Amino acid sequence: MTAIDDMTEGRDSEPLGEVGAESPAMPEVVFDVEELSVYYGEFQAVQDASLKVHENEITAFIGPSGCGKTTLLRCFNRMNDLIETAKVTGSLRYHGVDLYDSKVDAVEVRRRIGMVFQKPNPFPKSIRANVAYGPRVAGLAKKGPVMDDIVENSLRKAALWDEVKDRLDDNALGLSGGQQQRLCIARAIATDPDVLLMDEPCSALDPIATTRIEELMHGLKDDYSIVIVTHNMQQAARVSDRTAFFSVNVNPDSDNRTGILVEYDSTQQIFSNPSDERTENYVTGRFG
Amino acid sequence: MTLATIGTVARRGATGFERKRTDVAGGLFKALILSALVVSLLVLAVLLIDTVADAWSQLSTRAWDFLNGSLRSRSIDDKLGVKQGLYGSFWIGVFVALTAFPIGVGAAIYLEEYAAKSRLAALIELVIRNLAGVPSVVYGLLGLFLFVERSTVFGFVGLGWLADATGGRSVLSAGLTLAVLVLPIVIITAQEAVRSVPSGLKEGAYGLGATKSEMVWTQILPYAAPGILTGTLLAMSRAIGEAAPLILVGAITGGLTRNPELWDASGLREKFTALPIIIVEWVSERGRDPGFAEAAAAAIVVLLVLVLLLNMTAILLRNRFERKRG
Amino acid sequence: METPDPVPGALSLAALAGSPRRVRRERLISRVMFCAALVSVVVSALIIYALFSEAWIFMRDVDWSSTWGELGWFPRRGIYDMPTLLVASLWTTLIAMIVAAPLGMGAAIYLSEYARPTHRAILKPILEILAGIPSVVLGFFALLWLAPNVVAHIGGEGGRGSMLTAGIGVGILTVPLVASISEDAMAAVPKSLREASAGLGARNAVTTLRVVLPAAVSGLVASLIVAVSRALGETMVVFMAGGAADAVIRTYSPYDGSLTMPSAMASLASGTDQVVGEGLTFQSLFFVGLVLFLLTLGLNLIGDRFVTRVREQY
Ligand SMILES: Nc1ncnc2c1ncn2[C@@H]1O[C@H](COP(=O)(O)OP(=O)(O)OP(=O)(O)O)[C@@H](O)[C@H]1O
Ligand SMILES: [Mg+2]
């Protein structure tokens, strides 16, 4: 499906390979994942994943469908708590704090680690109310100029301000799909998070809207650490600094499909010189 | 019986008899089931037309007086009317809205959002489903036991204070009894409404750091509001039409001295009646004074207008939102 | 409000612990919701307690020979012949089902298999209106219209109520119930089954009779069971059109008036001299209520079982 040339071309236009060169000192670790396994009831969806997510970088998760990318991503802000059957073992440290410590409050975690979903899911309210939602529940601001500033800044960062500044009180459902997704990004930014988790944020969008979001992510990188799940390998190659490739292990006895982290490295390494054969097969499109 | 006959005919048609006969059998079957529907609708039509026709003599000449009048011993009395029944039915509706609505919605949210899929929730749901099937007259016994008699539970939990608070055989007792009766309806419809909230909205709210109660308040309740309202309206209409529990908790038609204004809350803890009770009473009086049959029909028209208004509002509300949300 | 990070990047556990006030508030709200859900359980417990505690006094003190094989139901004189009520309950329920089963199921089949969506959109709300009609209205209609115009032509008397009149009235009342449960059951039959049958060239009637109805049979049975339970518990139609006052001699003819369990209860409780009479009159109310409660509960549980079976099947 994807030819390697396309990707090289994509990478040529974006000098991503220079991540290491730009900042020779290793950036701060945001998430330190060690031996993390996730279960849905008896079923093990992710097995023993270990990786480090760095500050002010974009980390991409790629891999075939069902390999547990979403599952792992949702551990990062404890969204898995909402699924009764989900169970997490191993360790997941956020700036050194174990996120699954019993003293940690999931709501507090989600206020610091924002999430953008695969399908744009604006609330059926005004554009302004959508952006104001997070700050309001977090008690950052209620109304008035403070909130207006937050709304404007968030929409500007999400590159949506110019398009909606005259209709902030219109219903958000009237926006186009791409605008809705940028609104969701603005909404996540408004809570002033530290990390943005994005689960295939462009999969429901057309190429032009996708390009806009990708550009946006480049800008956001300065302020936030971003983890993005994507099916689109060019996208991973274009936007990310590091890439984690996941795959599924099929247990021949039970026919259980467990997700495993195959390889994690700088994006350049993964796409040009992967050390694992499975990764190479996948990024060159030879994967079944 | 008839179905079986048609069945054999149809089967014969299917197994290779000439085409024409198959069509006859199929057509006959269709005609038969269509007639079932038509008969049902016809009964409804006859019921409505007959009642309105009977009620005509009262409603065409003195509708306003009828609405404002009180219980009388003769059907030709100028002051005959249903105001006292309207008073009772109105306040029953109010009590149902004030108690069954918040408790029912709270229960539905607990079952769907707080304890979803837990064993406790499954047990409570089983209880609610069975409560929904308990005959209304049994709820009347509960009302009698709780709110009218000065009962004691297990020999030491005295319930006399409940009877004191409600005034025994009163609108308050009746309203609370009917609120208990419709509670399962409110819960079940509210649960459906809560369940219909798209998970994207819930996740969006949680993802922005909303707590559970904030999510419920800002996403679930606004989105489920039409459905919840529909259920509550249906429940109120059911409560207003119920008579059996009222008889058990002691609604009367004789010995009512006052005819209070609708919003006059001073009569809530006193002897009371309600529209359905007046209808029953007047039907039984028609032997002595045939004019009461027409008075009863007129009272039925009043009751039907109230009940159908609530029902139709509910159905329209639901259909409108169903269509809007695809 | 929040402790600022001492060193950039390093975070303390306390910073992620969340505000204790908020955590406490959430816990309080969840308790309140739980209490709301518990109301139903408490109500059930109270119903069962009220029925058993009063019925127990009746069962302990009553002369059991007065509850079986007496002349009839004379609760104010200490004669509680249960067969009188049971026979009347059986007759009215049976007649009600003879009316409601074909009408309700026929309407359901038409709506589910034949009606065009536009017609359905009109017909269903009308059936729902029928479902919303209060039972006192049906009681009035049964006594004043059905008795002279229908019952009088099938051997009954037009001028007063009877079990037959009341039974037809109860039947009309349960038509929408039968229709809606049956229709749900047929709607649960997968489209693929219908299409497979139609693909073999079967006509609509054949598909309905040989594919849809057999597949939906548990739901159809459930609709009848639930309707029987509803009919057994129906009070006002029988109270008004059942042709009996508060006491009655046992009769086996549906053309006679009699008292069913719920209508006997209502009769006993109505009138200005509520529930007075011999010592156990009040308790007899709860005894009859208990029998009725157990019967309908049993039927509902069985009906529920059938409905779940439909859901599990597809
Ligand atoms: N709520 C759940 N309950 C049970 N199993 C689940 C649940 N969510 C996901 N799974 C299973 O866990 C495995 C991993 O799912 P996940 O959604 O994480 O995959 P993914 O890599 O994101 O796939 P995709 O690329 O299709 O989004 C799959 O086998 C899926 O069926
Ligand atoms: Mg996914």
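## Strands, domains and a ligand shell in a predicted model

In chain A, strand S1 (residues 29–40) runs antiparallel to strand S2 (residues 43–54), and 8 bridges join them. Strands here are DSSP runs of E with at least two residues, helices are DSSP runs of H or I with at least four, and both are numbered from the N terminus. Two strands count as paired if DSSP finds at least two bridges between them. This is a predicted model, in which local features need pLDDT of at least 70 and side-chain atom pairs count only at pLDDT 80 or more, while totals for chains, interfaces and linings use all residues. Residues are numbered from 1 along each chain as its sequence is written, and chains are lettered from A and ligands numbered from 1 in the order in which they are written.

**Strands of chain A**

- S1(A) also pairs with strand S4 (residues 86–94) of chain A, in the antiparallel sense and over 8 bridges.
- A:Val33 stands opposite A:Leu51 in S2(A), and its bridge partner in S4(A) is A:Leu92.
- The hairpin of S1(A) and S2(A) has 2 residues between the strands, and A:Gly41 takes a positive phi near 65° there.

**Shell around ligand 1**

- The shell holds 15 residues, of which A:Tyr40, A:Ala45, A:Ser65, A:Thr70 and A:Thr71 come nearest; a residue is near a molecule if its C-beta atom, placed from the backbone, lies within 6 Å of it.
- At least two shell residues come from each of S2, helix H3 (69–75) and strand S10 (257–266) of chain A.
- H3(A) gives the most, with 3 residues.
- By class, the shell has 5 nonpolar, 8 polar and 2 charged residues. Nonpolar covers Ala, Val, Leu, Ile, Met, Phe, Trp, Tyr, Cys and Pro, charged covers Asp, Glu, Lys and Arg, and the others, Gly among them, are polar.

**Confidence in chain B**

- Chain B has a mean pLDDT of 89, and 93% of its residues reach 70 or more; pLDDT is the predictor's confidence in each residue, from 0 to 100.
- Over residues 1–18 of chain B, pLDDT stays under 50, and the model has 21 contacts beyond four places in sequence for them. Two residues are in contact if their C-beta atoms, placed from the backbone, lie within 7 Å.

**Contact between chains B and C**

- Chain B puts 75 residues into the contact and chain C puts in 70.
- On the side of chain B that touches chain C, helix H2 (residues 19–68) of chain B supplies the largest share, 18 residues.
- That side of chain B has 55 nonpolar, 16 polar and 4 charged residues.

**Domains of chains B and C**

- Chain B is assigned domain 1 (2–61) and domain 2 (83–324); such bounds come from an automatic or database domain assignment.
- The contact between these two domains takes 7 residues from domain 1 of chain B and 7 residues from domain 2 of chain B.
- The C-alpha centres of the two domains of chain B lie 35 Å apart.
- Chain C is assigned domain 1 (13–61) and domain 2 (66–313), and their C-alpha centres lie 34 Å apart.
- Their contact takes 9 residues from domain 1 of chain C and 8 residues from domain 2 of chain C.
- The side of domain 1 of chain C that touches domain 2 of chain C has 7 nonpolar, no polar and 2 charged residues.

**B:Ala63**

- B:Ala63 is in helix H2 of chain B.
- B:Val302 is 239 residues apart from B:Ala63 along the chain, and their C-alpha atoms are separated by 9.9 Å.
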